[in-house]
Structure formats: C-alpha cells, structure tokens
Amino acid sequence: MKNYYGLLIVLCLSYTATGQVKFVIESLPETTPADDSIYLTGTFNDWNTTDPKCLLQKQPNGQLSVEMTFDEAVVEYKFTRGNWLKVETGSQNQYIPNRILINRRQTETIPIHIQNWQDLGGARSFEYLSFYYFAIAFLSLSIFIFSFRIFKKDFIRRQTFSIVHGVYFFVYLGAVAYYIVNPIWQTYLLILSQSLIFAWGANIQLVISVIEKRDIGHFSWSCYAPVTFATIIAVLRLINVDFLAFLAIPAVGFIPWGELLMIGVGAMIALFILVQIIGELNWNEPNRPHFISQIILASHLICLCFVFVSLGAGALGFQDYRLIEFKWFLVLFSIPVWVLVIGLWHDSQLFKEKSHVYVIENANEMLSNLRELMESQKVYQDAELNINRLAELLGTKTHILSKLLNEHYEQNFRDFVNSYRVKEFINQAHTGKLQKLTFLGLAHEVGFNSKSTFNLAFKKITNKSPREYFK
C-alpha cells in the first residue's frame, strides 16, 4: 500500500512538471549599475551564472523578465549579475538561502524583489542635485500660487500660467523622487517623463504669450493632442502591452526605440514651435517683459540642443547618455523658473494686463452741470442723497461720476458732498441762524443726518471742531 502511494506521488509530480514560469523583477537595489546584465541561475542549469537562456530581458515598461520551462518538480534558484561575487543578498548584505519554486502544471508569473548585491553592499552615492531640484519644485509651486494673485481677474491667463508651473512642479518633484526609488521605478518615471516632452512646445508658447501680454484667446488647445497621445502610449508601456515590446529594443547605438521616438519626435515638435515664436518676437523692443522672453527662449533653445546632442551620444555608443541628459538637462531647463522669480521679485505686476484708462469725453459739460446741481439746486441738502441718485440727476453712470470726482476734485463722493454741506453750514451760521438753532439742528438743515458725521466732516475740512471754529 505504501508503494502504491509513493508511486502515485511520483506520477503526480511528473505530470505537473510541464508548467511555464515567468520571473519578473519588480524592484532592484538603487546601486544596480544600469548596464549590468542579470541572470537566473539554479538547479535547472547546474548553477551556471552566465547561461544565455537565463538572461533577463527588458520589457516595454522597464521591468526585467525571463520565461522558463522546468522539468524538475522542485527548483532552487537565485539571481546574479554574471558571477558569484555579484549574487543577490539580503537588506543588510547578508547571505540569503536559495529561492524555491514548487513547479505546477499551470503557467504562472512570479514577482521578484532583489534587496542587495554582494559586491555593492548597499552603498549608494548621494545625488546632491536633488536638493536643487527640490528648490526648483518649491519655486514653481510658489509661482503657481502667486499666479492667482497676479491674474486675479484674468481667468485665462491665470489658468495657463498655473498649468505651466504646475507641470514644472511635478517634473522637478519627480526628479527628486528619481533618486529615492529603485531602478525599476526609475524606469517608470523616465517613461512618463518622456511623454511630457510633447507638451514642451505648447508650454513655451503659452508662457511667452502671457509674458508678452498677447491675446491668448486664439491659442489652440489642440497643441496638447500630441502629449495626450504620448501619455496613452506611456501608460500602455507601463502595463506591458505586447505590441509595444519593440520600444525596449535598441534602435541605434544604446538608444531604444521608445526613447528615440518619444524624445526625438517630442523635441522636434518643440523646436518647430520655438522657431515660430522666435520669428514673431520683436528682439529690438527695450522693455523688461521682452528681455525676459528672450532669456527664456534662449534657454529653451540650449535645452533642445542638449537633447539632440545627448541622443547623438547614445547613437554613437555612449552608455551614460541618459544620465548626462537627465541631470544637466533639468539644470538648464530650470533657468526660466529663476528668470520669472527674479522678474516677479522686482515687479509683481510685471505680467499683469494694464487696466484700460477710460477718458470722459464731455467732462467739462458734466462739471458745469454738477456745479449747477450743487450750488444752485443745492441737492446736497437731501440727507438721503447717494452717488447713485447724484449720477442719475447728472445723467451718467456711477463709475463715471466717481472718476470725475477723483480726477477733478481729488475727492470721493462722500467728501465732495460733505464739503458743500460744511460750507453751507458756515454760511448759515454767519447769518445768525445759530442763535435760533443748535449745531445739530443747523447740521440737519444742510443735509447731515447725524451728529457724529457732521463733527467728523467739519473737523476734516476746517481742522477744528464746530465749537472751536465759532468761539
């Protein structure tokens, strides 16, 4: 009976030894060199650390994977970077036991998280540029918030300015995150950032339009169609859609098809728009907004040149072309942020539309009618008189009357009317009316409706209280 059960177990194990297993590395130590190959090794290949069949390949989303079919029922395995001095270890660089797989019949995917490498020991050089990137993210956020004050009544400009600097904020915050996450997540960030290049040209056009105080109502939001399409492609890459697998294959030199198409095409679109803007800009007009526009355009042009040079370096076989591009491109790309911060520091109204100056065409006629109402008809004696009623009597609008009083009398409505009332009060007092009426009684006759208002108005005009004045 025991032999029967033993034979049954062997037959079951033999029957289930036909499954296909896919190993997917979802996280790597931050110290993993970008150009190192990673191999699967184990009992199935006599622990060969450089077996070509066990070389992990890059997937469209940047993960590394390899598919294997095992004959064994139980498989022990590990991951190395080509030899036993570069074998995976624990978080404290300690030895870890072999990984074990119980082979099943069905196809399965096994996620792998590698914590450390024996030769690297967890050491990681700190990237001090991340401090700079964080500072730019903070400045971009500050401009984003400040834009709500600059363009308080201009919704379109406020919206465009805040969108552009909101993008700046997330780009540089992503750059900070790049130096914190593991290499697999670094690949995710690079794939997403490549799609943002398609918004580069449209953002330049919007920023220059705001600075130059142009009418941006004609701006076509279809300029953001390319970045929408590129973002969809990036998301499909991240979820490992099979038909995009070719994007991880090198196209020329060390440049994969994904980077060549995304970065190259996006940069060409930006260059086309940049050349258009440069052709439209008046380079001889001497004012600060034009000077800021020129610096921003020049810095973006340098950034574009840097991108094309970097792509050329990758095509010629320089393995570190992406690292160089990523670091120093973002330093150059931050110049417009500094220019805007310095410009706004000197003049917070620098990019704000100047309010329209309204000219009162019939000002002299209105002033003559106003004097008639105040001096002949003495409408100020009406205690209920307000600016709406006076504008109605004058046949104009309240804002025009207010502007007329400010420009020609340098007074607001209340001070203007009270000056006539105080003058009439003094004239009436000199005729002897104070012998028959109190101060308050006479004040009511000339149009004041309270003692406190009368006293304040009288002292403001004569610099004395009524009793001091008539003593």
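These questions and answers walk through a predicted model, from the whole chain down to single residues.

Local features here need pLDDT of at least 70, side-chain atom pairs count only at pLDDT 80 or more, and totals for chains, interfaces and linings use all residues. Residues are numbered from 1 along each chain as its sequence is written, and side-chain values use heavy atoms, with hydrogens and water left out.

Q: How many helices and strands does the chain have?
A: Helices (H or I, at least four residues) and strands (E, at least two) are DSSP runs, numbered from the N terminus. By that count the secondary structure comes to 17 helices and 11 strands.

Q: What share of the residues of the chain count as buried?
A: Buried means under 20% relative accessible area, exposed means over 50%, and partly exposed lies in between (1.4 Å probe, protein chains only). The chain has 471 residues. The buried share is 43%.

Q: What share of the contacts with a separation of 6 or more comes from residues 24 or more positions apart?
A: A contact means heavy atoms within 4.5 Å. Among contacts in the chain with a separation of 6 or more, residues 24 or more positions apart account for 72%.

Q: Which strands stand at the edges of the open sheet of 4 strands?
A: The sheet has the order S3-S4-S1-S8, with mixed pairing. Two strands pair if DSSP finds at least two bridges between them. An edge strand has a single partner strand, so one side of it is left without a neighbour in the sheet. The edges are S3 and S8 (108–113).

Q: Is the pairing of S1 and S8 parallel or antiparallel?
A: Strands of a sheet pair through backbone hydrogen bonds, in either sense. Val 21 stands opposite Glu 108 in S8. Strand S1 covers residues 20–27, and its 6 bridges with S8 are parallel.

Q: Where does Asp 46 lie, given its positive phi?
A: Most residues other than glycine have a negative phi. Asp 46 is not a glycine, yet its phi is about 55 degrees. Its relative accessibility is 70%, so Asp 46 counts as exposed. Its place is the loop between strand S2 (39–42) and strand S3 (57–58).

Q: Is Asn 463 buried or exposed?
A: Asn 463 also has a positive phi, about 65 degrees, although it is not a glycine. It is found in the loop between helix H16 (451–462) and helix H17 (466–470). At 64% relative accessibility, Asn 463 counts as exposed.

Q: What is the N to O distance in the salt bridge of Arg 389 and Glu 392?
A: A salt bridge is a side-chain nitrogen of Lys or Arg within 4 Å of a carboxyl oxygen of Asp or Glu. The structure holds 7 of them. Arg 389 and Glu 392 both lie in helix H12 (residues 387–394), 3 residues apart, about one turn of the helix. Their distance is 3.6 Å.

Q: Which residue forms a salt bridge with Lys 403?
A: The two partners lie in helix H13 (residues 398–408), 4 residues apart. The closest N and O atoms are 2.6 Å apart. The partner is Glu 407.

Q: How many residues apart are Asp 415 and Lys 460?
A: The side chains of Asp 415 and Lys 460 meet in a salt bridge of 2.8 Å, N to O. This pair links distant parts of the chain, with Asp 415 in helix H14 (residues 413–430) and Lys 460 in helix H16. The separation is 45 residues.

Q: Which residues touch the most other members of the largest nonpolar core?
A: A nonpolar core is a set of buried Ala, Val, Leu, Ile, Met, Phe, Trp, Tyr and Cys residues joined through side-chain atoms within 4.5 Å. The largest one has 55 residues. Elements giving two or more residues to this core include helix H2 (129–150) and helix H3 (155–178). The residues asked for are Tyr 133, Tyr 172, Trp 200 and Ile 296.

Q: Which residues make the nonpolar surface patch of about 420 Å²?
A: Patch residues have over 30% relative accessible area and no salt bridge; like charges are joined within 9 Å, and nonpolar side chains (Val, Leu, Ile, Met, Phe, Trp, Tyr) within 5 Å. Accessible areas come from the Shrake-Rupley method with a 1.4 Å probe; for residues, only the protein chains shown count as cover. Leu 261, one of the members, is partly exposed at 37%. The patch is made by Phe 246, Ile 249, Trp 257, Leu 261 and Val 265.
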